[in-house]
Amino acid sequence: MVITTGPGPYQEWQTRSCYQTYLAAAADPASKLKAFTRVFHSPMDDALSSFIPTWRINPTSKVKSFPVEPRAHALKAWIQSGEVLCKGCTHIFLGEPDYVFVKPPHFPIPPSGEAVGFIYDYVAPNWGQNKKIIKRLMGTTSDRKVADMPLSGPCPVIIAGEDFRKLAPVFSEVVNATAHDQAAIAEFGWTRDMFAWDIAVIKAGMRQQCVSPPPAGFFSQPPHDQVLGPASILHFTWGTQIIQKDTKEMLWQWDKRQYSPSRTGPIPLPPKWKPGLVLQDGYEVTEGLIAQTTLLVKTINWALKRDPLYSQHPQWADYDVHNPN
């Protein structure tokens, strides 16, 4: 497994949580997880470098026009460094620090020339000016090539090491091209490197299968996805607010962007399910979503309690939690 991060407390606590759940999932005898690498774009090592396997690269720029802009360059440098795959490893799982494993993964292993990812419905080539921009970045006039785009992104992806060695430079090249394309900046916004990945897949002559959200697939994003299904990884993205519909009372909320384990301690559990609960966008809260959100919170709390920093931290001293998985 490979993740990319920069410095700072926001990404640091997520990395700590991700790594602890990775260790638990990798310990299963049937697990396909064999090694973990944090590709760290920073001018200096940090506290995590002493116990989380880390490959560090100096940032190429102090200014980022969107949050994950350094990712493509960092991954290209890492795969070309020669210090990459562990002995016996054939494939790479590209992830992010805000993933937690809730059970040993059951990744589909793609053949050479193919990758497996997750479909995102907001990666829309036919929306607005997107097709025109994509063709320009691809260097093609072919509608067919645009139609073949995987509608995914660089994470989560399972890909053979040799295929990634071929794809990474193209990915970096397309990301760099979007930085000089005002239309791409305006239309793609924070999804620029997702579109860049999909374009790079086609330019590199590869294919990428896209796995659907639950109840299929290995990946779930609560609260967007309301059931876990067979998923083994939870991705916490936008914040969750659980509201009593008739009274408008806020019963529970949590957002990774406002969370600090050192300041606030363990995340409180969401309420038990009952009829009449809705999310902030008005969608009904199901029993499945409550169960999945509870599992997410318990897993993060369990992982952080196991971390060397928080295991002895005053905010966590009295917190006793067992592995929810």
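These questions and answers look at a predicted model.

Q: Why is Arg38 called buried?
A: Its relative accessible area is 1%. Buried means under 20%. The value falls under that cut-off, so Arg38 is buried.

Q: Where is Arg38, and what does Arg38 touch?
A: Arg38 is in strand 2, residues 37-41. Leaving out residues up to four places away in sequence, Arg38 touches Ile3, Thr5, Thr15, Asp46, Leu48, Ser49, Ile52, Pro53, Thr54 and Trp55.

Q: What makes the pair of Arg38 and Asp46 a polar contact?
A: The two side chains meet at 2.8 Å. A polar contact needs a pair of N or O atoms within 3.5 Å, one able to donate a hydrogen and the other to accept it. The 2.8 Å distance lies within that limit, and the pair is listed as a polar contact.

Q: How do you know that strand 1 and strand 2 pair?
A: Four bridges join strand 1 (residues 2-5) to strand 2. Pairing takes at least two bridges, so these strands qualify. The two run parallel. Thr4 stands opposite Val39 in strand 2.

Q: Which strands form the open sheet, and in what order?
A: Seven strands form it, in the order 3-2-1-4-7-6-8, with mixed pairing. Neighbouring strands are turned by 25° against each other on average, direction ignored.

Q: Why are strand 3 and strand 8 said to stand at the edges?
A: Strand 3 (54-57) and strand 8 (207-211) each have a single partner strand. One side of each is therefore left without a neighbour in the sheet.

Q: What lies across strand 4, strand 6 and strand 7?
A: Helix 5 does, running at about 100° to strand 7.

Q: How do helix 2 and helix 5 pack?
A: Helix 2 (residues 70-79) and helix 5 (residues 161-178) pack at an angle of about 145°, with axes 8 Å apart. Their crossing is left-handed. Among the residues in contact are Leu75 and Trp78 of helix 2, and Phe164 and Phe171 of helix 5. The contact residues divide into nine nonpolar, three polar and two charged.

Q: Why is Ile267 called buried?
A: Its relative accessible area is 3%. The cut-off is under 20%, so Ile267 counts as buried.

Q: Where is Ile267, and how far is Val297 from Ile267?
A: Ile267 is in the loop between helix 8 (261-264) and strand 13 (277-279). Ile267 and Val297 are 30 residues apart in sequence and 6.4 Å apart in space, C-alpha to C-alpha. Beyond four places in sequence, the contacts of Ile267 include Trp252, Trp254 and Val297.

Technical notes: Residues numbered from 1 in each chain as written. Predicted model: local features only at pLDDT ≥ 70, side-chain atom pairs only at ≥ 80, totals over all residues. Heavy atoms only, no water. Axes fitted to C-alpha atoms, helices over the stretch in contact; angles between N-to-C directions. Left-handed = near helix turned anticlockwise from the far one by under 90°. Contact = heavy atoms within 4.5 Å. Nonpolar A, V, L, I, M, F, W, Y, C, P; charged D, E, K, R; others polar. Buried < 20%, exposed > 50% of the residue type's maximum accessible area, 1.4 Å probe, protein only.
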